[in-house]
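Me: Please take a close look at a single part of this predicted model. I would like one connected account of the nonpolar packing and what surrounds it.

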Amino acid sequence: MANSRRKTSRAKKEETNWQERVIQIRRVSKVVKGGKKLSFRAIVVVGNERGQVGVGVGKASDVIGAVKKGVADGKKHLVEIPITKSNSIPHPTNGVGGGAKVIMRPASPGTGVIAGGAVRTVLELAGVRNVLAKQLGSNNPLNNARAAMNALAVLRNFNEVAESRDVSIEKLYAQ
């Protein structure tokens, strides 16, 4: 019994290896009967650098509360990403979020993460080490982060493609 508890606590410790990065904190105001009510909006990226990443938004009357809510929201919206042996993405992909568009391409080992702003943060926390990315359209950090998440969500590895087509992986490589 005690041995099984140890295993679960170790598993929980491994699961709690999440990193959080704040992309933006913005002070927002709402006009109410008595004047203006100030609050804060935090955009947070949460990832484990092993293929899971999420973007969350939190709003609260103080910065710390907004960041905590953003982390909780990010963990609710996690996306699983296939990462190749060269710590890159399996194939080129595009994503859209609001007015922002993101283009991503795999890169050879040693290239690094060539991306800007929120897209760079999302890719780093996802565990991608070699990738080329470009933001097009809007430079809004939230829309760019969501566009990056959209692009990463549609990624598939060779096994998934072969399974969906009912073809062996060898035949897929031969084509």
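**Leucine 123 and its surroundings**

Reply: Leaving aside residues up to four places away in sequence, leucine 123 touches Met104, Val113, Ala115, Val128, Val131, Ala133 and Leu152. The model is a predicted one.

Leu123 is also listed among the residues with the most contacts inside the largest nonpolar core, a set of 30 residues. Val53, Val55, Met104, Val119, Val122 and Leu152 are the others on that list. At least two residues of this core come from each of β2, β3, β6 (100-106), α3 (117-126), β8 (131-137) and α4. The largest share, seven residues, is supplied by α4. Apart from this core lies another, of seven residues, including Ala42, Val44, Ala66 and Val71. As a general matter, nonpolar side chains in soluble globular proteins tend to be buried together.

Helix α4 spans residues 141-153 and lies across β1, β2, β3 (52-60) and β4, running at about 150° to β3. These four strands form an open sheet in the order β1-β2-β3-β4, with antiparallel pairing. β1 (19-32) and β4 (78-80) each have a single partner strand and stand at the edges, so one side of each is left without a neighbour in the sheet. From one strand to the next, the twist averages 15°.

The pairing of β1 with β2 (residues 35-47) is antiparallel and runs over 13 bridges. Valine 32 has glycine 35, in β2, as its bridge partner. The C-alpha atom of glycine 35 is separated by 60 Å from that of arginine 165, which is 130 residues away along the chain.

For the setting as a whole, the protein chain has six helices and eight strands. From the N terminus on, its elements follow the order α-β-β-β-α-β-β-β-β-α-β-α-α-α. The C-alpha trace spans about 70 × 55 × 30 Å along its principal axes. Of the chain's 175 residues, 37% count as buried. Taking contacts between residues at least 6 apart in sequence, 54% join residues at least 24 apart. The accessible surface comes to about 10,700 Å², and carbon and sulfur atoms account for 50% of it.

Methods
Residues are numbered from 1 along each chain as its sequence is written. This is a predicted model: local features need pLDDT of at least 70, side-chain atom pairs count only at pLDDT 80 or more; totals for chains, interfaces and linings use all residues. Side-chain values use heavy atoms; hydrogens and water are left out. Two strands pair if DSSP finds at least two bridges between them. Axes are lines fitted to C-alpha atoms, for helices over the stretch in contact, and angles run from 0 to 180 degrees between N-to-C directions. Contact means heavy atoms within 4.5 Å. A nonpolar core is a set of buried Ala, Val, Leu, Ile, Met, Phe, Trp, Tyr and Cys residues joined through side-chain atoms within 4.5 Å. Buried means under 20% relative accessible area, exposed over 50%, partly exposed in between (1.4 Å probe, protein chains only). Accessible areas come from the Shrake-Rupley method with a 1.4 Å probe; for residues, only the protein chains shown count as cover.
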